[in-house]
Amino acid sequence: METGRMTTVTEDIRGLFDAIRSAKHCVALTGAGVSTLSGIRDFRGKNGLYRDMDAEKIFDIEYFHRDPSFYYQASRSFIYNLDEKEASVVHTCLGELEKRGFLKALITQNIDLLHQKGGSSRVIEVHGSPRVHYCLHCSGVRMDFKEAAAIVRAGGLPQCPKCGRVLKPAITFFGESLPADALRDATTEAQAADLILVLGTSLTVNPAASLPRYTLRGGGNMVIVNNMPTPLDSMASARFQDLGEVFEGITALLAEQG
């Protein structure tokens, strides 16, 4: 971004686009805010799930052990109807940036599978994924998302064919460790990055929230696009509020390139 004079939002977005194109190793870290444009509620925003009573119980592993039906009932509308959700301009733009070689990896805290729908293939899911459901007691029992979602939408619970217990999605619940392979890959990418895009996350949940610090410690730059303040705002080389505006602008600039 230019200094010494007032710039327009359009100029700032063009400056961001130029920074992405010129970076040797650009990665993105995304949170729930990137999916609000697809009609999925975030967690800590003004209309977030955490403003609802008992929302934290949804992803609490101890509560899941006591009453797994609560998770499936509470998450039915925003996880198990994902087939009805379309990738937003943020998802599709990030997919196009990867396709053109500008984005090397996408680290996400999201569990909605929309980055894959948007065209991204190098997706590191640090909070796990609902793509697989498994039995906590019987080794080797797996059910894919499509089958589990059909059961949940019909009002049922996905169950283990061996022991009859309710299956758990491979989402990292509170009280569980993050997937070791995903966290290792995310750390490696953040350390290698000379530019990290922090998109739609409040940077309050560790260890994912600490990933941009690896980039900064290595001398890289960080750009934040989020509609709420984050603890790292003062360290950002550029800061934007509106994800839709920024990625519609970048999408237009990609179109200009052909």
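The model is predicted, so local features require pLDDT of at least 70 and side-chain atom pairs count only at pLDDT 80 or more, while totals for chains, interfaces and linings use all residues. Residues are numbered from 1 along each chain as its sequence is written, and side-chain values use heavy atoms, with hydrogens and water left out. Helices (H or I, at least four residues) and strands (E, at least two) are DSSP runs, numbered from the N terminus.

**Helix α7**
- A182, A186, T187, E189 and A190 of α7 are buried (under 20% relative accessible area, 1.4 Å probe, protein chains only).
- The buried residues of α7 pack against β1 (26-30), β2 (105-108), β3 (123-125) and α8 (211-217), with contact meaning heavy atoms within 4.5 Å.

**Helix α3**
- Helix α3 (residues 68-75) is mostly covered, with six of its eight residues buried.
- These are P68, S69, F70, Y71, Y72 and S75.
- Packing partners of the buried residues of α3 are α2 (61-66), β4 (128-134), α6 (145-153) and β6 (168-171).

**Helices α1 and α9**
- The axes (lines fitted to C-alpha atoms over the stretch in contact, with angles from 0 to 180 degrees between N-to-C directions) of α1 (residues 9-22) and α9 (residues 243-257) come within 9 Å and cross at roughly 65 degrees.
- Residues making this contact include I13 and F17 of α1 and I250 and L253 of α9.

Conventions. Buried < 20%, exposed > 50% of the residue type's maximum accessible area, 1.4 Å probe, protein only.
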